[in-house]
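The stops below each begin with something to select.

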Amino acid sequence: MRKTQRHFVDGPNSLWHIYKTVPFWKVAKNFLVIQTARYTPFLPMKNWLYKTFLKMKIGKHSSFALMVMPDVMFPEKITVGENSVIGYNTTILAHEYLIDEYRLGDVVIGDRVMIGANTTILPGITIGNGAIVSAATLVHKDVPAGAFVGGNPMSIIFTAEQMAERQAKS
């Protein structure tokens, strides 16, 4: 189950209430920082931009590939552990605007996590240490530590125990 805070709105859909939920200038600044980081080939510079201007929590030696898109409205709700890889064109969301409500949720990505290209991570998700998320996965629920997951909808392909067994055989 995703861990999100629900905020109900009256009248038009929740996206019409956007600047009541997040300041326009914060979104504008975040957009510029994210677009700069998406295209820079310098990994330390990306992490510095994200930590300094977006207040994301990023562990040592974690890498964001080209075109990764962190949440533009609430990037401070994203935490990435140490020595993790976020694959090409991955989207990490910490918010979702629906018709009658909007939801906010922290995204916690553990240490030594591998996230494949073109993955989407929804708000309120925790990805455990050592997990592997295959390419093009919609991460709509928590991922246990050490598991190998994939698909849309996401499912567990191998548990941590099964992964350890497979590695012992190689």
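Begin by selecting Y19, F24 and W25, which together make a nonpolar surface patch of about 410 Å². Such a patch consists of residues with over 30% relative accessible area and no salt bridge, nonpolar side chains (Val, Leu, Ile, Met, Phe, Trp, Tyr) being joined within 5 Å; a salt bridge is a side-chain nitrogen of Lys or Arg within 4 Å of a carboxyl oxygen of Asp or Glu. Accessible areas come from the Shrake-Rupley method with a 1.4 Å probe, and for residues only the protein chains shown count as cover.

Before going on, note that this is a predicted model, in which local features need pLDDT of at least 70 and side-chain atom pairs count only at pLDDT 80 or more, while totals for chains, interfaces and linings use all residues. Residues are numbered from 1 along each chain as its sequence is written, and side-chain values use heavy atoms, with hydrogens and water left out.

Next, select the open sheet, whose four strands run in the order β2-β5-β10-β13 with parallel pairing. Its edge strands are β2 (57-58) and β13 (126-127), each of which pairs on one side only; two strands pair if DSSP finds at least two bridges between them. Zoom in on β2 and β5 (residues 78-80), which pair in the parallel sense over two bridges, and pick I58, whose bridge partner in β5 is V80.

From there, move to S62, in the loop between β2 and β3 (63-64). Is S62 buried or exposed? At 3% relative accessibility, S62 counts as buried. Leaving aside residues up to four places away in sequence, S62 touches N47, V80, G81, E82, N83 and S84, where contact means heavy atoms within 4.5 Å.

Finally, select the whole protein chain, which has four helices and 17 strands. Its radius of gyration is 16 Å, close to the 15 Å that the globule rule gives for 170 residues, so the chain is as compact as a globular protein of that length; the radius is taken over C-alpha atoms, and the rule is 2.2 Å times the number of residues to the power 0.38. Buried residues make up 45% of the 170 residues.

Conventions. Patch = residues over 30% accessible without salt bridge, like charges linked within 9 Å, V, L, I, M, F, W, Y side chains within 5 Å. Buried < 20%, exposed > 50% of the residue type's maximum accessible area, 1.4 Å probe, protein only.
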